[in-house]
Amino acid sequence: MWRRVASLSPLVSSSKSRLLNQVQVAYGFNAWQMFSTQVLNPVEGGVSDSRRTPFVTFVLGGPGSGKGTQCTRIVETFGFTHLSAGDLLRREISSNSENGSMILSTIKEGKIVPSVVTVQLIQKAIETSDSDKFLIDGFPRTEENRIAYERVIGAEPDIVLFFDCPEEEMVKRVLNRNQGRIDDNIDTVKERLKVFAELNLPVIKHYSKKGKLYKIDGTGSEDEIFERVRPVFAALRYPVLF
Ligand SMILES: Nc1ncnc2c1ncn2[C@@H]1O[C@H](COP(=O)(O)OP(=O)(O)O)[C@@H](O)[C@H]1O
Ligand SMILES: Nc1ccn([C@H]2C[C@H](O)[C@@H](COP(=O)(O)OP(=O)(O)O)O2)c(=O)n1
Ligand SMILES: [Mg+2]
């Protein structure tokens, strides 16, 4: 399992530290997080380049806020691997797994599947991928989701995107989604909006306090929204080359 080191500061020379700070100032990005994606070898006490923790972006927002649509664009432009928590759960339903019927009824009611199930699916997807940068879409949806992920994966996300969209617009998009989803109906979406406000907003606040949140205006055309997303990832390239 990948483990992130809590602090590498004693290992970084002051000149490197100054340079990292300049990168952070120039790009509004926490270069320390990127540097800390290297894994410390606990035996030798050195930084090893052979195993790196993946760069993880959580993608949050209410139902219909455009998470999946923008993830597709980020994948095309920046080469991330997209892991949609909802898609992983729907795959469990269609593969008739032991949790399939519980997941189906939970999704139909607009509620949240127990974290142990969802985190295991995400963990497996990360571990079986050779990608080093992931978009985790629709997760964490509750504080319980967040804490379970951090415990199992042993790391926090590097950044968090939040697509901020008015409820009426989200409802309109969900009801027009036309993907045959069992939860795309007015009753479920109403419940999902309630659950979003009660359980997901605290997660968003948590990452805002930690300075990891990028709040994106989720209104307008897909292109307009992507032009708001692009600078977040364009800025990341420089520290990656560091
Ligand atoms: N900016 C937009 N304007 C209008 N419709 C959009 C926009 N972005 C996405 N959609 C459509 O709205 C629906 C919900 O988008 P989706 O990406 O599935 O959202 P989420 O994953 O947040 O639920 C989809 O049918 C999608 O094609
Ligand atoms: N972390 C998650 C993500 C999704 N789910 C369940 C409950 C959600 O209402 C459904 C659908 O999630 P999905 O992210 O696909 O939905 P939207 O793209 O926001 O419309 O899956 C969950 O229980 N826990
Ligand atoms: Mg989605």
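**Ground rules.** I am working with a predicted model, where local features need pLDDT of at least 70, side-chain atom pairs count only at pLDDT 80 or more, and totals for chains, interfaces and linings use all residues. Residues are numbered from 1 along each chain as its sequence is written, while chains are lettered from A and ligands numbered from 1 in the order in which they are written.

**Record.** I looked up "binding site" in UniProt. The unreviewed entry lists Arg90, Lys111, Ile112, Val113, Gly138, Phe139, Pro140, Arg141, Arg181 and Arg192. Its positions use the numbering here, feature names are shortened, and annotations may be inferred rather than shown by experiment.

**Phe139.** I found Phe139 in the loop between β5 (133-137) and α7 (143-153). Helices (H or I, at least four residues) and strands (E, at least two) are DSSP runs, numbered from the N terminus. Is Phe139 buried or exposed? Phe139 counts as buried because it has 25 C-beta neighbours inside 10 Å. The cut-offs are 20 or more other C-beta atoms within 10 Å for buried, 12 or fewer for exposed, and partly exposed in between, with C-beta atoms placed from the backbone. Beyond four places in sequence, Phe139 is in contact (C-beta atoms, placed from the backbone, within 7 Å) with Phe58, Ala85, Thr118, Ile122 and Asn145.

**Arg181.** Arg181 sits in the loop between α8 (167-175) and α9 (186-209). I note Arg181 as partly exposed, because 13 other C-beta atoms lie within 10 Å.

**Ligand 2.** I counted as near any residue whose C-beta atom, placed from the backbone, lies within 6 Å. Ligand 2 has 20 residues around it, and Ala85, Gly86, Val113, Gly138 and Phe139 are the closest. Two or more residues each come from α3, α4 (85-94) and α5 (100-109). The largest share, 3 residues, is from α4.

**Ligand 1.** Here the shell holds 14 residues, with Gly66, Lys67, Gly68, Thr69 and Arg173 coming nearest. The elements giving two or more residues are α3 (67-78) and α10 (222-241).

**Helix pair.** I then checked α4 against α6 (residues 115-127). Their axes are 10 Å apart, at an angle of about 100°. Axes are lines fitted to C-alpha atoms, for helices over the stretch in contact, and angles run from 0 to 180 degrees between N-to-C directions. So α4 and α6 are roughly perpendicular; that word covers 65 to 115 degrees, with under 35 roughly parallel, over 145 roughly antiparallel and the rest oblique. Ala85, Leu88, Leu89 and Glu92 of α4 meet Thr118, Leu121, Ile122 and Ala125 of α6.

How values were computed. Contact = placed C-beta atoms within 7 Å.
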